[in-house]
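I opened a new notebook page for this structure. The entries below follow the order in which I looked things up.

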Amino acid sequence: MSIEWKNYECADLYDELINNRGNPRQPARRLANFVSKLGVEELQKRRQLADATVQDMGVSFTVYTDEGNIDRAWPFDIIPRIIPAKEWNQIALGLKQRLKALNLFINDIYHKQEIIKDGIVPAYLIQNSKNFRPECVGVKPAFGVWAHICGSDLVRDADGKMYVLEDNLRVPSGVSYMLENRAVTKRVLPEVFGRENVLPVDDYPSKLFDMLAALSPRKVKQPEIVVLTPGIYNSAYFEHAFLAQQMGAELVEGSDLLVDTDDCVYMRTIRGRERVDVIYRRIDDMFIDPEVFSKDSMLGVPGLMRAWKKGNVALANAPGAGVADDKVIYAYVPKIIEYYLGEKALIPNVPTYLCDNEDEREYVIEHIHELVVKPANESGGYGMLVGPHSTKKDQEKFVKLIKENPRNYIAQPTLMLSTAPTLTDGGRPEPRHLDLRPFILQSKDLYVTTGGLTRVAMVKGSLVVNSSQGGGSKDTWIVESEGV
Amino acid sequence: MLARVAERLYWAARYLERAENTSRLIGVYDNLLFDLPKDLLDISWFNLIELNSSAETFNRRYKVRSERNIVKFLVSDPDNPSSIAASVRAVRENLRTTRDVIPPAAWEQVNELFIYVNKHSRDGLLRARRHEFLTEIIERSQSLNGLLHGSLIRDEAWQFIKLGRNIERADMTTRILDAGAAVLENTKVFETSNPAQVIWGNVLRSIDAYMSYRRAVKSTVRGSDVARFLLDEELLPRSVAYCSRQICQAATNLSQVSGRKSPVNTDKLPKYIIEKEGDLGADFRSYLNELQLAIAAIHVQICQTWFPHD
């Protein structure tokens, strides 16, 4: 049974591959025809092959509530999402611009705070921010860069325009899935790869390595770079191991490291102690050093902050970088870009209401049934309200929460996220909502992944794409159009 | 190399070898007991529990010492840390936490092995499918060993794997010999016709050494020759002598790269003189036990030298 795109119901949506007349968009034409010719049964077979491949490769992530089964196979949809290279290049410029400005902002916040003195960002936002770390004031990380690895979430609204939904500057995850998704797709849809001009993604680990190596405080030929993981029970453990392996770096746990009286960091090896130069830490600020932050943290390394402040070790991302990934600060990013770079933001923000502002708060409470309400400091899709999909009771609960702690909440219009064809259990593609998380690196240079991780809400109509909330993912193709 | 990583690799190698050898042990019994009188069956199966020093755990779990319970204990019981399923799980967990040093293909194979055992461990319990199941485990372990052999750079990671593999292998060879000696004892209790040749032939086959024995020893299959062959033959890859040399080599190499004194001296392993068939009785079995303790002592020294937990 072949697949008719004419029957694909996406008339009221913006679909990435199929326009609302049921015709494949230009860059997706070959893929759409191929999928259509494969037909339901063969697509089903390819999907089984993909599932088996994902299992064999051991691609997994952890769901905290899945008792007893600590790692779960990564739900993967075989139909790629396609973005034309021309559009992507513009987005990449916008992402670089954004991270550059955010780093200037963080550095300013921990030094002179000129942006506050100039009245662009109100001082109380910083003082009340959960992610502002007074311990970091005055520290001078290499190149003035604090957020070395950033994962920004992009969404396309019904108008076809891309917006930045949020920036993740603490320990963003997902890049390994981007790489593994490509590897799986190559095995599952090899026929399309040969004929399509899909730009490769695999240079990420070496770019990550170069970025980290540039941070080394010792100017040695082979700086010792390690990936610090909280361990096997962390939801992103697979990724930590994957990146360490791809970079040829040691994957360490807190107990493998120690800070000596010389304030340098060492790892325990079979040779005894060896000096560590750069730590790509995948542990939250609050747990990295029990001497400074959470006293009972078993995950961190006592003395790590001391070593970092002395400049004896580089931490990526730097502690305190999260001050800029607060969702209230997010609302100010366009102004931040203008302030530091004198440029207009290339990628717009989603309009955001700050509950702290009285007028805006009233608007939010009045329109709560049509807005998305988010806490300022949570990630992973926890603790948010999607107005149109919520009950009266949920709404009342959130109104109460907002009134109690207005600084902690923002609201945004419910975006009609774009969709892409996704295989359902019935074996036919149906539109499912998605977003895109590219990864941006900065130390000496700036780099953006080619595309990123496309996350899909596997449930019909759902707008929640987070893997911790049952979302899946797709391969993302940036396709160079052939000279027409 | 991180001490923790070294330790996990060492254990991964041990557990991989253990999964393979447990499969071999069950396989040899499966084969052997067809050729023995029926009365001997269950008592002989229980040898497998005793010679793995797991009688206590077994008795806690099961009342009846039946073939089914024993095989279940050895194949799939999660409470038996040396069961095939538990060993494969341990290999996977150890390699999962050391993925940064092993080739990606090795990780995929471990995963496939793990998935296979989870899906098929019931087959191990059914006589009709047992052979296929055990063979599959053995083949997959060997293919993983082969992959490591053919692709892993000969750095510390390789040396720790070599250490673990050979310690486990030497230990298992002593246990497989013990398995033979134990059945032989049982047959004496029951005063059946002497099946020594069947028993020792199966012992050889269980470690793929039958053909090598024939070519090297050039005599009929005799218990005393088989025992000497498996203990002392320096050219046989699963003999205690060969494994000891491998252990020494790996330890010496590691002591050079880590700047620590090698803790291993296999010259001190206990010796036992075997001249005639009568030398394979109770004394022989207690010698094997002593040898196992000596191997365990080497293990402890390795841990203290390279995996200190300060």
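How many salt bridges are there between domain 1 of chain A and domain 2 of chain A? I found two, a salt bridge being a side-chain nitrogen of Lys or Arg within 4 Å of a carboxyl oxygen of Asp or Glu.

Ground rules. I am working with a predicted model, in which local features need pLDDT of at least 70 and side-chain atom pairs count only at pLDDT 80 or more, while totals for chains, interfaces and linings use all residues. Residues are numbered from 1 along each chain as its sequence is written, chains are lettered from A and ligands numbered from 1 in the order in which they are written, and side-chain values use heavy atoms, with hydrogens and water left out.

Entry 1, the domains of chain A. I noted domain 1 as 5-217 + 313-348 + 415-479 and domain 2 as 353-413; the bounds come from an automatic or database domain assignment. The C-alpha centres of domain 1 and domain 2 of chain A lie 24 Å apart. Their contact (heavy atoms within 4.5 Å) takes 23 residues from domain 1 and 16 residues from domain 2 of chain A. I read a buried area of about 1700 Å² between these two domains, with 49% given by carbon and sulfur atoms. Buried area is the accessible area (1.4 Å probe) that two parts lose on being put together, summed over both.

I then looked up a salt bridge by name: R407(A) and D326(A) meet through their side chains at 2.9 Å, N to O. On the side of domain 1 of chain A that touches domain 2 of chain A, helix 11 (327-341) of chain A has the largest share, five residues. Helices (H or I, at least four residues) and strands (E, at least two) are DSSP runs, numbered from the N terminus.

Entry 2, chain A against chain B. I counted 26 residues from chain A and 28 residues from chain B in the contact. The two chains bury about 2400 Å² between them, 44% of it on carbon and sulfur atoms. Q245(A), I270(A) and R271(A) supply 31% of the area that chain A buries against chain B, more than any other three residues.

The rule finds five salt bridges across this interface. In one, R187(A) pairs with E108(B), the closest N and O atoms being 3.4 Å apart. R8(B) also forms a salt bridge with E253(A), again listed at 3.4 Å. That pair runs from helix 1 (residues 3-33) of chain B to strand 7 of chain A.

K310(A) and D263(A) form one at 2.5 Å between the closest N and O atoms. Both sit in loops of chain A, so the pair ties together parts that are 47 residues apart in sequence.

In chain B, R18(B) and E168(B) form a salt bridge at 2.7 Å. R18(B) lies in helix 1 and E168(B) in helix 8 (residues 156-189), so this pair joins parts 150 residues apart in sequence. I checked both residues, and both are buried.

Key
Buried < 20%, exposed > 50% of the residue type's maximum accessible area, 1.4 Å probe, protein only.
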